[in-house]
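This briefing covers one chain of a predicted complex. It goes from a set of paired strands to a neighbouring topic, the helix beside them, and then to single residues and overall figures.

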Amino acid sequence: MGQPGAGADREAMMDMDRETRIAWLVDHARRPRHAGPLAGADVSVPGGNPGCGDLVTLHLKADPAADRVAAVTFEGTGCILSQAAASILAERVNKQQPTFAEVLDFSYEEMMDLVGRDVADSRPRCATLALGTLKAAVKAAETNRKLKAAGHTEAGIAELRRAIAAAVEGTGLVIGEGAESAARGA
Amino acid sequence: MPQTAAPVTDIAARGYAHPEVLVSTQWVADHLQDPTVRLLESNEDVLLYETGHIPGAAKIDWVADLNDPLFRDYIDRARFEKLLRAKGINKDSTIVFYGDKNNWWATYAFWVFRLFGVDNLRIMDGGRLRWAEEGRPLETAAPRHPEGNITVRERDDSRIRAFRDQVLTHVQRHKPLVDVRSPEEYRGERLHMPEYPNEGALRGGHIPGARSIPWGRAVDPDTHTFRSADELRTIYQHENGLPADEDVIAYCRIGERSSHTWFTLTYLLGFDRVKNYDGSWTEWGNQVRAPIEKP
């Protein structure tokens, strides 16, 4: 995912002048692609930036026959860059349907290159919120598969996740639903 | 001007200690062609200015413009002066800041400009949101101001900026501190997302003895403008006992929300000795052996 040569569009994006790039980002923020809920999603993971109020909830459907993303959508609120980055990433993922490993290998640096360093360098968290949330969604989907393969039921997995959330309570980490109130409560 | 925006009381009638630092949206509208007035927009949303700004306004970005790119501090005098001149600021300019998030970053820029001793600073009451809600014009054309001639002094961090050692001494002497973050942050219930550990802190809670007064309490949620001096006194002095004539330190996560409170206390209520601890929780919550109170 996102490797050089993966698409001529990437080259074109990186060649944009600043004005064109900003127009492209604003367009994505105002007319987000793949926005909304996703029927039959395997996981939905909210991600938020405490402090500035950006929120992106990533819905992910995995390929039932492979460790690969079949589709993603997102719902979010926040600054232009965070929402544009989510739209751009969703467009890319739906087009490429990357493997779980490719998503996890896609670095935050590459994400910042994708949206444009001239803008992303001053707001790295906004530029990478969607990618961080996508990675979390992929990890959740991957873990769910492993747990199911080991004989756990859906209900059992949900209980495990609650236990994990309870274990980190008080450490300040914002996981799952907590991310939403974290971002909104700024 | 559409009448959809909630009406506000005149700034002069609100009883502030230094009402001259606030200007209304109407005042700004009346001075759009005034060559001695320079408008500076400063936002959380890095691309908001590019979608439209008050005619003639230039952009100041807290990361790209005010912070040193290498280490955690502000730029030096030479770079700051060059920045201001590039924005067309002259010795006799009146600088009006405004921005999103109820002027978080506008007050932060105001505070940084004061570190360099720049005078004639104003905040547009109600910020960008109020201007937009009043249906006033925004434009995307970049302003064309001739290079300015302002000169600035060396940065003076001694009067209105606090560093961690000073904060520790402050705590040990049981002097007043204000934590302006959300109550959840104050209680240490959340710090950061797992994917962004470098933006958060390893420990949650608050600096011992700090009062929790979220910054937004200073703003009327309907009009986005600052509350009257009486209302502010009730919040800061009557409810929380902050003394107007003692050293007070305000902090948040990275110093932006606390600059809003620094502005409120200093200019609207006339507190004499307020400092903004810009290291804030991202520094304090990561320091080995820094004392923390929780909840």
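**Strand pairing in chain B**

In E8(B), B:Ile249 is the bridge partner of B:Leu177.

- E6(B) and E8(B) run parallel and are joined by three bridges.
- E8(B) is also joined to E9(B), by five bridges, and these two strands run parallel as well.

**Helix H6 of chain B**

- Helix H6 spans residues 164–172 of chain B, and B:Val167, B:His170 and B:Val171 are buried in it.
- Viewed down the axis of H6(B), the buried residues lie within an arc of 100°, so they line one face of the helix.
- The exposed residues B:Asp165 and B:Gln172 sit on the face of H6(B) that is turned away from its buried side.
- The cover over the buried residues of H6(B) includes strands E6 (177–179), E8 (247–251) and E9 (273–277), along with helix H10 (280–284), of chain B.
- Just after H6(B), B:His174 adopts a positive phi of about 60°.

**B:Arg181**

- B:Arg181 is located in the loop between E6 and helix H7 (183–186) of chain B.
- Its relative accessibility is 2%, so B:Arg181 counts as buried.
- Leaving out residues up to four places away in sequence, B:Arg181 touches B:Tyr186, B:Gly205, B:His206, B:Pro214, B:Tyr251, B:Cys252, B:Arg253, B:Arg257 and B:Trp281.
- B:Ala290 is 109 residues from B:Arg181 along the chain, and the C-alpha atoms of the two are separated by 19 Å.

**B:Thr266**

- B:Thr266 is a residue of helix H9 of chain B.
- With 15% relative accessibility, B:Thr266 counts as buried, the cut-off being under 20%.
- Apart from neighbours within four places in sequence, B:Thr266 is in contact with B:His18, B:Phe271 and B:Val274.

**Chain B as a whole**

- Chain B contains ten helices and nine strands.
- Of its 295 residues, 57% are buried.
- A compact globule of 295 residues would have a radius of gyration near 19 Å, and the 19 Å of chain B agrees with this.
- Taken along the principal axes, the C-alpha atoms of chain B fill a box of roughly 55 × 40 × 40 Å.
- Of the contacts in chain B between residues at least 6 apart in sequence, 76% join residues at least 24 apart.

**Confidence**

- Chain B has a mean pLDDT of 94, and 96% of its residues reach 70 or more.
- The pLDDT is below 50 over residues 194–198 of chain B, a stretch that has 14 contacts in the model beyond near neighbours in sequence.
- Where pLDDT is low, the predicted coordinates should not be read in detail.
- For the complex, the predictor gives an ipTM of 0.75 and a pTM of 0.86.

Terms used. Residues are numbered from 1 along each chain as its sequence is written. Chains are lettered from A and ligands numbered from 1 in the order in which they are written. This is a predicted model: local features need pLDDT of at least 70, side-chain atom pairs count only at pLDDT 80 or more; totals for chains, interfaces and linings use all residues. Side-chain values use heavy atoms; hydrogens and water are left out. Buried means under 20% relative accessible area, exposed over 50%, partly exposed in between (1.4 Å probe, protein chains only). Helices (H or I, at least four residues) and strands (E, at least two) are DSSP runs, numbered from the N terminus. The arc is that of the directions from the helix axis to the C-beta atoms. Contact means heavy atoms within 4.5 Å. Two strands pair if DSSP finds at least two bridges between them. pLDDT is the predictor's confidence in each residue, from 0 to 100. The radius of gyration is taken over C-alpha atoms; the globule rule is 2.2 Å times the number of residues to the power 0.38.
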